[in-house]
Amino acid sequence: MKRLIGGALVCLASALPLASAYAFCGFYVAGGDAQLFNEASQVVLVRDGDRTVITMANDFKGDVTEFALVVPVPTVIEKSQIHIGDIKYIQRIDAFTAPRLVEYFDANPCRLAVQEMAAPSAAKALMRGGRSDEIRNMQLGVTIEARYTVGEYDILLLSAKQSTGLAIWLRENNYRVPDGAARVLTSYIRDGMKFFVAKVNLKEQQKLGFTTLRPIQIAYEDARFTLPIRLGMANANGPQDLLVYAITRQGRVETTNYRTVKLPSDVEIPDFVKDDFANFYRDMFREQVRKNDSQVVFTEYAWNLSWCDPCASAPLTPDELRGLGVFWLDGTQPSGRGGAQDAFVTRLHVRYDAQHFPMDLVLQVTSDRTNFQGRYVMRHFWKGDESCPAAQQYRAGLAKRRADQARALADLTGWDLGTIRGRMAVAADWTAPEDRLKWWQRIWKD
Amino acid sequence: MDPRLYQIASLSTLLVFGVARLDFQIDALTIAIALGVTQLTQLACTRIWRLPAFDPKSALISGLGLCLLLRTNSPWLLTLAAVITIAGKFVIRWRGKHVFNPTNFSLVVMMLLGGVWVSPGQWGSIAFYGFLVACLGGLVVSRAARSDVTYAFLGSYTGILFGRALWLGLPFTIPLHQLENGAFLIFTFFMISDPKTTPDSRAGRMVFAFLVAAGATFIQFGLHRTNGLLWALAAFAMTVPLIDRFLPGKRYGWGRTSTPEHRAPAHRLAVALARPSRAHFGWSVPGASLSNALAPSRTTAADAVFRAVRERSCS
């Protein structure tokens with residue numbers, strides 16, 4: 001029996017003590033992508049006016065015969081409105097917009113005139129038709145508006161008169177419909193929504209030679225700008241993560257029925273985080289969700305797609321953006337790396353459950369083009385051996401800086417301060433062994 | 001007590017709370033522009049329309065309203081919005097009565113022009129019940145001046161949301177979530193309750209409140225557009241002259257001590273001609289200072305009539 005996949009949308013299924021002029025300099029050293037989160041769904045939403053292109057990443061792992069996707073859609077979708085995308089574009093925009101760790105090196109305090117300005121671096125089924133089926137469909141009040149095979153998917157567009165009929169129809173056609181789903185289906189049916197149902201056509205999949213399921217893309221024109229999450233919660237075991245990459249011409253995207261807040265950013269943290277950035281990002285997100293009573297949607301990135309600083313990965317090319325459905329790029333732009341793009345991306349991250357997110361996400365495009373990124377700063381302390389008065393003063397201030405970094409990290413992630421101090425390998429007064437070296441000990445380091 | 005003082009205190013508290021706790025994306029410059037330009041425009045309009053005195057309170061309320069609701073990256077658009085908010089209430093009048101709630105009018109015009117946005121989700125449902133108590137407290141303090149429109153709107157909108165939930169089979173957590181919103185409270189208690197832009201008769205106000213509630217839900221759920229409350233209020237404000245015609249009532253006066261029925265005939269005439277206004281969330285103001293003009297100890301009734309006629313002809 002097919003399992004309606006949960007998850008995404010859809011399925012049924014500073015404290016920065018740096019001169020501001022240098023705020024965006026630094027080496028990008030680590031990023032956190034969506035793979036860090038279990039149960040995370042990814043959706044790319046391209047929106048301009050009432051036109052929408054939605055790309056749903058498919059991270060389904062398991063027997064593909066078990067896969068089924070049911071998405072409420074506002075209108076009947078024609079075959080030409082459906083496209084099978086490429087997961088690599090979603091991975092690209094995920095990497096490009098992910099929270100990032102940047103590193104700076106303290107300058108020699110004895111030579112204040114010398115300031116390095118590091119250049120940003122890119123681092124890293126359908127059913128057989130038949131008379132008896134039609135009669136049964138009529139009995140249940142379910143109408144198959146259209147059926148297509150696109151790529152490796154068999155797709156049905158269903159409309160229904162009543163949710164019980166639709167739930168029975170889905171069960172009779174081997175979809176595992178959770179108990180709570182019928183009530184949710186009712187509201188969508190009465191609101192005039194249709195249902196986009198996809199499952200894998202094994203023959204086509206073998207013919208095409210793909211081993212993983214590719215993203216499904218749908219283009220439609222409708223005033224609604226929402227992400228239906230309620231069906232996905234019907235059979236959820238706990239909170240689920242959803243990452244939305246919204247690309248518009250106008251500016252930042254936000255939710256109108258939930259608070260949208262920016263993830264804390266530009267915070268200086270201890271340098272051991274460099275080797276543990278994945279856990280840092282995961283725990284920081286969990287802690288920020290907790291601090292906001294699990295009731296907000298986080299903005300993790302909002303930036304003009306023409307550039308980035310520092311870049312977590314190379315900017316998306318016009319070809320890649322068109323692959324994600326950015327329909328207003330007409331092919332006249334250069335297809336090389338980066339370049340000016342008439343597009344603005346917002347990365348939204350939400351951890352939702354039925355208790356705190358009773359409604360589907362309703363979105364709006366704003367005129368806000370202020371750039372924002374989730375960015376965490378690691379500063380390498382100067383370790384030179386000079387002993388001018390400025391250097392002595394610098395060394396005397398290190399303990400306080402370490403303490404500030406540790407507290408900021410504890411505040412961000414909820415990690416225990418004592419544990420952080422242990423990982424920083426410093427004493428209880430936040431001094432490190434090298435702070436206490438005599439000047440001659442700094443000369444002969446062996 | 002002048003109810004505007006309570007409103008200024010409430011809105012200032014909301015603004016401080018929004019900036020400190022809800023990460024409102026506004027800075028000191030935004031607040032300075034919104035408050036400063038509304039005051040300057042008020043001063044300029046006071047001179048142009050030759051009002052007897054400058055009254056900063058209503059313009060302050062309007063400025064605070066802009067800080068709470070309007071978002072833009074452009075200081076120029078914010079300046080324009082502040083000018084429209086104040087100038088609009090001097091310019092757009094029908095038979096001596098304001099057509100639009102000033103802040104509402106400004107928001108709608110600016111949204112049509114583009115470059116600005118309103119974030120109804122910015123409040124979340126944090127401290128919702130604290131807001132509610134503060135808003136209800138305001139009604140008590142202000143002696144419920146025309147608060148019937150607030151209650152009527154509250155009833156209509158709540159009824160429609162729950163009715164829709166029943167019809168669609170939605171759990172009641174959804175309409176509750178829609179109501180537990182600071183933006184909704186601000187609209188209900190500080191904007192639609194503007195006595196100078198609501199119908200004169202109680203029956204008319206009931207009709208008006210229902211129309212705004214129905215219009216807002218239609219815009220939100222039928223047209224799928226955001227900020228249905230703001231669009232609906234602006235749209236149905238234009239029907240108020242019509243409602244007043246079919247359901248006439250007594251014009252709202254400037255406080256208990258200066259309402260027409262408590263004044264000499266000359267005062268009544270003056271009030272009837274000038275229709276002085278009252279402040280609320282950017283309520284109209286040109287006539288606010290008329291109470292000074294009407295004070296018998298300082299001026300004659302004939303002066304008051306003269307000033308009122310002059311003001312009316314200017315606007």
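**Notebook: helix packing, chain contact and confidence**

I looked up how helix α3 (residues 56-69) of chain B packs with helix α4 (residues 75-91) of chain B, and found an angle of about 140° with the axes 10 Å apart. I therefore recorded α3(B) as oblique to α4(B), since angles over 145 degrees would be needed for roughly antiparallel. I noted that the crossing in which α3(B) passes α4(B) is right-handed. On the α3(B) side I listed A59(B), S62(B), G63(B) and L66(B), and on the α4(B) side A81(B), A82(B), T85(B) and I86(B). I classed the residues of this contact as five nonpolar and three polar, with no charged residues.

I keep in mind that this is a predicted model.

I next examined where the two chains meet. I found 26 residues of chain A in contact with 27 residues of chain B. On the chain A side, I identified α4 (181-190), β15 (253-255) and β16 (259-262) as the elements that give two or more residues. I sorted that side of chain A by class into nine charged, eleven polar and six nonpolar residues. For the complex, I noted the predictor's ipTM of 0.80 and pTM of 0.83.

I then checked the confidence of chain B. I recorded a mean pLDDT of 78, with 75% of the residues of chain B at 70 or more. Over residues 256-280 of chain B I found a pLDDT below 50, and the stretch has 71 contacts in the model beyond near neighbours in sequence. Residues 282-315 of chain B also have a pLDDT below 50, with 93 contacts beyond near neighbours in sequence.

Methods. Residues numbered from 1 in each chain as written. Chains lettered and ligands numbered in written order. Predicted model: local features only at pLDDT ≥ 70, side-chain atom pairs only at ≥ 80, totals over all residues. Contact = placed C-beta atoms within 7 Å. Helix = DSSP H or I, 4+ residues; strand = E, 2+ residues; numbered from the N terminus. Nonpolar A, V, L, I, M, F, W, Y, C, P; charged D, E, K, R; others polar. pLDDT = per-residue confidence, 0-100. Axes fitted to C-alpha atoms, helices over the stretch in contact; angles between N-to-C directions. Parallel < 35°, antiparallel > 145°, perpendicular 65-115°, else oblique. Left-handed = near helix turned anticlockwise from the far one by under 90°.
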